[in-house]
Each structure stands twice: as C-alpha cells, then as structure tokens.
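Reader: I have the coordinates open and would like to go through a few parts of them with you. Could you take my questions one at a time?

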Amino acid sequence: MSAQTGSWVEIPAGEVRQWVADFLDSGQMRVLSTITGYQEGERIAIVYHFVHKESAGLNLRVFVPLSAPTLPSISPILSAGLLYEREIQDLLGVTFEGILDPRRLILPEEFPVGVYPLRTNYHYHGAEEKETPGQPGGKAE
Amino acid sequence: MSERMILPIGPQHPLLKEPIHFKFTIEGELIVEAEIRMGYNHRGIEKAAEERTYLQDLYLTERICGICSHVHATNFAQATEEIMGLQIPPRAAYLRVVVGELERIHSHLLWLGVAGHEVGYDTLFMVSWRDREIAQDLLEIITGNRVNYGMNTLGGVRKDLDAEQIDQTRKGLQELAERTLYYGNVVSNETTFIARVANVGVLPKEVAYSSGAVGPTARGSGLDYDVRKHLPYAAYGEIPFEVVTSPRGDVLGRALVRVGELLESVKIIRYCLDHLPDGPIAVKAPRKVPVGEAVSRYEAPRGECIHYVRSNGSDKPSRVKVRAPTMGNLASIRHCLLNQQVADIPIILAAIDPCFSCTDRTVMLVKEGTREAEVMGWEELRLRSIARRPI
Amino acid sequence: MSKIINWSRRTSPWIIHFNAGGCNGCDIELVAVLTPRFDVERFGVLLKGTPRHADVLMVTGPANLQIRDRVRRIYDQMPNPKFVVAIGACAISGGIFRGCYNTLGGMDEIMPVTAYIPGCPPRPDAIIQGVAALIEKLRKGD
Amino acid sequence: MIILWGFLQALIFPGFLFLSVYALFAEWLDRKLFAQMQNRIGPPLIQPLADTIKLFSKETIIPKAVQAGLFTLLPYFSFAAVVTSFLFVPVYATPAISSFPGDLVIVAYLLTIPTLVLSLAGWSSDSTYSILGGIRALTQLFAYEVPFFLALFTPALLLGTWNISEIAARLPGYLLANPFYFIPVLISFLVGIVALQGKLERKPFDIPDAETEIVAGPFTEYSGRLLAIFRLSIDMEMVCGASLLAALFLGGPQPFISWMPGIISYLLKTLAIIFILAYIKAAVGRIRIDQMIRFGWQILAPLSLVGMLMVVLFQKGGLI
C-alpha cells in the first residue's frame, strides 16, 4: 500500500463519533478528504478518508447492516463531514443520527423517495428505453 | 431598509458558468443567510463507472470536469495502477507532471480572468484569457487536444514528447512566465481590484481546518497542505518546488497564492523538461484487475482531489468514489459569505474557484452487462455526437 | 423592410449561455470564444446575462432531471424569434453520459434545437462555425 | 418659415436625427475602443444600428408580475428627457437652437431623469434583481449628483451666467485672459468626467447593472422595443453628457483654430471626452456601492467644492 492510500482502521459503527473526536483532539488530523459509502452484500460500509499529519492516508471503516443503516453523524464535531454525509444519505440511504442538516443535497426534488442509486439493487435504464422522456429511469426492486 | 429579501442566484446567472443554486437572505446589501442546493449537474457518473470497464472509466472520469480533466484521469489511473501493482515508467511520470502543471497554469489563468470579471474588471479577464491560449496551445502540441487531453492510459501515458515539442514548450513557458509577473503586479497593485478583494470573504485558519478546505483556499488561509509535497505522486517526489501559502485568509490571499503557484508551475515544467528520463512511456496493463482497493490523491488546481477505487476481481470496478476539491471547499463558503455585501457574492464564490461539474458528478459505476465492452475514444464520441443515436 | 430586419438579426445575435449539467469543457471553450484570440464581438455577438435580452440560447451538457425545467423556463423567457444551439456531444445526444440515471438524451427532448455543434468539447473555431452556420440558415430565410 | 426652420432643426440637425446617429456612433466608438484596449478587434461600425433594429423587430415581453403601464411608459420618459436636454447644448455654433438664461439648471435636472426612471423601472419590474438595481441606482445618485452639479456650476459662477451657450462662447477667451482660472476649471472638469461616468452607470460605477451580481439590474425584465429605447437613451445620454462637458469646459463649438468649422471642433472635443470615458472603463474594475458613496463624498464632492471655492476666492477675495 502506498502512502497515498495509507492504513486502514475498522471500528464498530457506534464508536465513530468518539473515535473522530479523539483523533481531532490528538491534533494529528490534516484533513478529512471525504466519506465514501458502498454496499457489500447485506451490509453497507462507510469509509472516512483522513490525511494524517505524518503524511499518510488514514482510512476509518465501519459497517452498518443494510436493514438498519444508521450511525452517528460526525458533522456536529467536524463541519467538513456534513456535505459528505448528506451525499451518502441521498445516494445510499444511510441515516446519520444528529446530522446538522438532513435535507437532500444532490438528487433532484422529483426523484422518488426511498430509491437509492448507489445500492446494488438499483438498475437504471438508458435514455432510449425510457417510456416517457425525462422520468427517472431507475426503480428499486 | 431592514426588510429581508430572498436573492436567488442560479441555476442560471451570469455569475455562474455552471448551474448551482444559492439562496441568499439579504437585508439591504448585507447577507444574513446563505443556502446551497446542488445537483443541477449531477449526472450519476459514479454509478455509470461501475458498469464500464477500467479503460472506459478512464475516459469517463476525464469527462467529470472539462477544466481539470487530467486530474481525474490521472487520479483514476493511479488508483487502478496501485490495485494492479503496476509501476509506471519514470518518463511517463514526468510527462504526467508536465501535462498536470500546464493544466494548472491554464486553470489558474482562467480563474484570474473570472475573478477579474466578477469584480467588473473585464480587461483583466480578456488579457488573462488571451494568455491562457498560450497554455492551451502547449497542451494541444503535447497531447493533441485543448480540453479532455486523453493523455493517460493505465500503465503510463499515450504520447511522447519529441525535441521539437520540447523546444516549443520552452518558448511558450518563457512567454507565460513574463506574463505571470505582470499579473502578479496587477493583483497586488491595481487599486480597484485590491479594494474589492482585500479583507473580503475572510476565512480564518481554524475554520478552514475544521470545514475541510483544500488547495489554494486552504493555503490562502495559511494551511500548508499540498498533496504534491506531503503525499507525492507521479514524479513530484524528485522535483524541487515551494508550497505557496498566504496568511491573509481573504480573497486577495487566495489570489496571491494562485499567482505564486503559476510561477512554481513554470519552474516545475522547466525542471521536468531538463530532467526528462529516457525510456518507455507505458507498461502493459492487465485486463483483469485483482481484488483490492486503493485511494489516490492528486493536487488539482483547486485542491486535493481524491478517488477511491474498489475492485472485485472482474474487469469492472465495484465502486468508484470521486471527491472533487470544490466539495471540500463548499463547506467553508457559508462562513465566508455571512455578513458580507451582496456585491461581494461573486468574488467570494469565485475565490474557491468552484467547479460544480466535478462536485456534482457523484455516482460513477460502470454499466454492468447492458452493453458490450466498448472503448469510448475521441473518434467514437465524435461519431456518436454526429449520429445523434447511439451506434 | 423584412430584408433589413433579417440583416439586423444576422448581424446582431446576442447569446445567453446555459450549462445544463455539462462537464465545463464546452463552457470554457464557449467563453474562450469571447476572448481576444477569437473575439466574436466582431460578428456582433454579445454574451447577455438575462434570457430577456438574448436571441440565441447556447446550451451545453446532457440536461439532468433537476435542470430540465429550468432550461425550459429560460427558453420560455426569451422573446421571439429565438434559437437554440446545442454545444457538444452531451447536449446533442447525452454523449458519454447517455443512459445515466439522472440524465436525458440531449437537448431536443426539452426544446426545439436549431443547430448542433458536435465535439467533446468542440473547439472554439467549431463553435464560431456553428454560429456562422446558424446565421447562414437565417439568411436563407428561417 | 422660421417656425418650420426651427422645427427642422429640432428634428434633424442638430436635433433628434443627428443625436440618434451620433449616439449610435458613440456607442460603436466606445465598444471599439474598449475592445482595442483589451486586445480585441471589436464590433463593426454598423453594429449598434443592427442591434437597435433587431431589438425593435423582436417580441416585447411584458411579464405578468409588472405594473404594465409604468413598465411600458418609463423608457419613453427617459428617452424624451435626454432628447430635450440636447436641444440646449450648442453643437455647430453658439447659441444652441434653444437657449434661455437659466438653461444650465434645466439641463442638469433633465439629465437626472434617466436615473430616476431606472430606479422606477427597477421597482415596477417586480424582480429581485431589478429592485436591487433600482435601489442601487438611487443610492448612487446621491453620491455623484452633488459633485456633478457643483462641477457644472463652477464655470457658471466664474462667468456669472447660467446660460450654456454663453459659457461656451465666453470661457476660452476668459481663461486665456486670466490663466490662473485654469486650475479650478481643470479640477471641475475632472470631477465632471468622473461623475459623468457614474451618471452613465459605467465602470467603475456600473453598480446598478452589475452583471455578475444582479444580472442586468433594472433592465433584467426588459426586452425588445422597450430595451432598445432604453439602450438608445443611454447612448444619447452619453453624447449629451459629453457635449455638456465640452460646452461648459472646452468651449463647445468654439474652434481652436479660426478657420475650423464649429461642428468639427464640437466633434473633436466630444470624441476626446468619449475616449477618456472608454479609457476609464477599460482600466478599472467595479467598486462596491459603499465604496462608491465614500468616494463620492470624500473625494469628488470636496474636490468640486475646492474648485468652486477657488473661483469665489479668486474673484471676490481679490487674492490675485
């Protein structure tokens, strides 16, 4: 693994906020690069990509079950997390408890509620297969 | 005039070349609240990337953004190469740096022009865009394209530099360096310009830190994070250069950082041309990618750009995550905007050099099974665009 | 009289630019068209900020769902006679983003398009040529 | 016969028709110079005419939300005020085709009307950008109007007359006879030019229609014919302002060399002023409204007062 990728840490979902708070207190964080979410079978992984002051990436990974995708939000302690959490909330349907601003960020207003494009059961159709142009092509199975 | 008004800006507004929506609550000329609504540019690229092969994704990522196309393509290539365990030849690494720094020059000149335009200084806009054409010409000489260069491939680069091209590049750089000094002079001396940027949109160092600001926005507030220095990629580890920072924290600070970086970029390219190693420009990449995951960071003109690629062992990635620098800087912008004048909205927004097509892109997954593996190159894209219907 | 009016329309096409979810590549090339190297003001082209003043809507990008109504509204706000020019592969057919869940397949699903300028992105020269072609079309009488 | 002659003068030369043609030419010159200073080629000579004809031939949209009557009437109002004011300014010879002892005051007030119309247009448009633009136009009025008036009144005070034509006829000779008056007249001339730039809403004072902030300000909702009339009246205002400054400070149609026809002398002087206006436009950025107010009251107004004070002191105080 290169320095750019850096090391990986895995902790239970419930401890995320405490872990980030400790990391902040240690003064070793350079920046929170982003938060990634992806689905892996019956669970969703959330990865927090940090840069450590010692000049290496630091990736914190937590898993939440697909059936109850909730974890504490880090936005109250680190405002950089807010937009990334809202994005994941839009696209993967993960609920962040205590998020400062839970509104939709990226998907259009008319996009169906409860449909999350990044989940693996979401398939979309090309424009040519759409019956009415302009309707959201995707459906959850 | 204590009556509150809502001032919507966007999605169509002369200030923005790209669609995004801001809702400002103003009292007279003072901003008391600012809200952002994105998604006007959301195309679902991350989902699309999951359903295309790695090589197709390289060209798809290149089209996340037309200004920093090399950024995303290189970034994706780096992440994929790391999963594959490929080591690109040194010459390829240097060539990536050359194109990347030329792109930075073109992007910063573009920014300077836009910033001039936002404060109504159209002459600066025209002049800096005139000189940007020099950088565009160099990019065209080296890569063959003005935008979306198509320079990268998995395992290296696609085009080599010959002696004549190096010569032309040197000449162009000479001109760019002279012009940059002139801009440095304008930015730090022109009275009306200074009046509009000094002490405007102040972002204190602590706020820049906690809101995750990157690139010139962070460096203009005194944070010295530069991926090229701290997590070097391509050939940056071997190239001497300075990280430009400014402690000012206002729009002027960000402008000074960008002008300083223009000069550094010229130096970097010159060093690369002088020390260009011999050898091949690419190694062969396997079609299948082993199981794995990698994070790749790149110092884009606007700041740190990060790609996360996850492979499940097939010829298509199972997850591609892109975080463009503007997304990191957006969080800081609310702080900059509050209690400022309406007249300062344009320059404050422009000061982070927003690039919403990068930011909104989001879901990049490659299309699974619905289409044959197809490489979308320039030719085919052109063909498609002319044919009107997919071929 | 109609000849004079037709001439004036050819000589003074004011444009408004709208990015309907494009990648920016076409947009910077469109702006580059205004700058010293290409300078389209010599053909009477001016970039306007409000649709009410414009004659030609230069639109880029594949038009995603969220922006569809906004594009339409801008088109409706323009006074007649008005023209639409689709710039770049995305605005023509959806381009590389065709089939993505959030995009449409080109501008002509939203409004009538008069001219298409292909390329990803088209060079500034190509954009000027596209506008010239539009003007030529006008000369022959709509 | 005399009535018909006067009518023709008012309508054709040097009245309405001449003003229209010269205004279109001035717009072209302004844009061309601006383009040249930015290293561009710029529009062809016929461009402003084509723009105007095209706008006249286009659909004129009157949005539902506006007060239709006021919205439609306002451009004509501004247009009429500017055309009327031009009749008092000497063009090819002094006196102008219409002239009476206090016409300087009338012209100064007539030239204020377009700004008031702008702010009303902003209010009647019922769009946030327009309203903001209207407020800004009105706010800005307070910053440049006083220095502008004071600057205009300096030569009047010097010569003891409120008649534009008389000032134009007498000022050059008076200055040559009493050269130390060059200083106050020069100061007021410079103040007049800068204030005129503000009056015409040009850079660095194009705050009411700042494109990147509030789209086109009060003009945002205007289209077609109404927009054309607005544009034309702004071009004409530029010509009127330049002519007024030329008449008050440079002697208007008074030739430099005795054989030169008055009209040539007038054109040379106004073109020089338009050139200066274009140069300022190209060389600076836009300032903020608060900076504009501060500039108007802390620099322009005191300067114009200094000019005026010098005249008073020189004349009445017997310092010289």
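Reader: What length does helix α6 of chain B reach from its first C-alpha to its last?
Author: This is a predicted model, and in it α6(B), residues 163-189, reaches 39 Å with its 27 residues, close to the 39 Å expected at 1.5 Å a residue.

Reader: Which residues of α6(B) are buried?
Author: They are B:Thr169, B:Gly172, B:Leu173, B:Leu176, B:Thr180, B:Tyr183 and B:Val187.

Reader: And what do the buried residues of α6(B) pack against?
Author: Their partners are four helices of chain B, namely α4 (90-118), α5 (122-143), α7 (191-197) and α11 (251-274).

Reader: Switching to chain D, how do the axes of α4 and α6 cross?
Author: The axes of α4(D), residues 68-86, and α6(D), residues 113-125, come within 9 Å and cross at roughly 170°. Angles over 145 degrees count as roughly antiparallel, and α4(D) and α6(D) are therefore roughly antiparallel to each other.

Reader: Which residues make that contact?
Author: On the side of α4(D) they are D:Leu70, D:Phe71, D:Leu74, D:Phe77, D:Ser78, D:Ala81 and D:Val82, and α6(D) brings D:Ile113, D:Pro114, D:Val117, D:Leu120, D:Ala121, D:Ser124 and D:Ser125. By type, the residues of this contact divide into 11 nonpolar, three polar and no charged.

Reader: Last topic, the sheet in chain A: what is its strand order?
Author: The sheet is open, with four strands in the order β1-β4-β3-β2 and mixed pairing. Strands β1 (7-10) and β2 (29-40) of chain A stand at the edges with a single partner strand each, so one side of each has no neighbour in the sheet. From one strand to the next, the twist averages 20°.

Reader: How many bridges join β1(A) to β4(A)?
Author: Four bridges join β1(A) to β4(A), residues 56-65, and the two strands run parallel; A:Trp8 stands opposite A:Asn59 of β4(A).

Reader: And which helix packs on that sheet?
Author: Helix α2 of chain A, residues 81-92, packs there, touching β2(A) and β3(A), the latter at 43-52, and the direction of this helix makes about 5° with that of β2(A).

Conventions
Residues numbered from 1 in each chain as written. Chains lettered and ligands numbered in written order. Predicted model: local features only at pLDDT ≥ 70, side-chain atom pairs only at ≥ 80, totals over all residues. Pairing = 2+ DSSP bridges. Axes fitted to C-alpha atoms, helices over the stretch in contact; angles between N-to-C directions. Contact = placed C-beta atoms within 7 Å. Expected span 1.5 Å × (residues − 1). Buried ≥ 20, exposed ≤ 12 C-beta atoms within 10 Å, placed from the backbone. Parallel < 35°, antiparallel > 145°, perpendicular 65-115°, else oblique. Nonpolar A, V, L, I, M, F, W, Y, C, P; charged D, E, K, R; others polar.
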